[in-house]
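Welcome, and please load the model in your viewer.

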Amino acid sequence: MPLGSKPECVKCGTRETPLWHSTEAGNLCNTCLEEERNSGASSNAKTEEEDKAGSLKPTRRSTRITRYCNSKSVPHKIIPKGKGRRNLFKKTPVKAPTATATPITSNYVFYKGTYFQVGDIVSMQDVNGGIYYAQIRGLLTDQYCEKSAAVTWLLPTTAR
């Protein structure tokens, strides 16, 4: 038994055996079960002689526990078992890795038919229609090929 506590033989009390047998009395080691069967065989020989003499043969009672038996009269110990052989071939599901942004910096970018370079002076228009000037300090392209620029705003030196 690979998992759980090791069973103990009801008759001899041993915990080491190559094969365990579950009976109504409890767990039996292989040696004790063989002794029980051998003693049962000798008693069967005596009953056969008695049958020939005229007495009735008792019906054989099964030692197997069925799932419909009364659980109050027969205590049934559930022994946990390990994982089966089918489990070796089953794979655990693996989540897809989360997408991480991988930005790439460059000295120039081609955007809408125009090359932009680091150091270029560009004009930008706000939502109200005002025009502002800036110098490109860095260019960035992300994994979805979206372009971005880091700019330094230029202040006007003369009033208009």
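Start with a cartoon view of this predicted model: reading from the N terminus, the protein chain's elements follow the order β-β-α-β-β-β-β-β-β. That is 1 helix and 8 strands.

Next, colour by pLDDT. The average for the protein chain is 78, and 74% of the residues score at least 70.

Now select residues 8-32, where UniProt, in an unreviewed entry, places the feature "domain: GATA-type". This stretch is 12% helix and 24% strand, with its end C-alpha atoms 12 Å apart.

Stay here and show the cysteine side chains. How many disulfides does the structure hold? The count is 0. C9 has its closest cysteine sulfur in C12, but at 3.7 Å that is too far for a bond, because a disulfide needs the two sulfur atoms within 2.5 Å. For C12, the closest cysteine sulfur is in C32, at 3.6 Å, again too far for a bond.

Is C9 buried or exposed? C9 counts as buried, with 3% relative accessibility, whereas C12 is partly exposed at 46%.

Of the 160 residues, 12% count as buried. If you draw contacts with a separation of 6 or more, 26% of them join residues 24 or more positions apart.

Notes: Residues are numbered from 1 along each chain as its sequence is written. This is a predicted model: local features need pLDDT of at least 70, side-chain atom pairs count only at pLDDT 80 or more; totals for chains, interfaces and linings use all residues. Side-chain values use heavy atoms; hydrogens and water are left out. Buried means under 20% relative accessible area, exposed over 50%, partly exposed in between (1.4 Å probe, protein chains only). pLDDT is the predictor's confidence in each residue, from 0 to 100. UniProt positions are given in the numbering used here, feature names are shortened, and annotations may be inferred rather than shown by experiment. Helices (H or I, at least four residues) and strands (E, at least two) are DSSP runs, numbered from the N terminus. Contact means heavy atoms within 4.5 Å.
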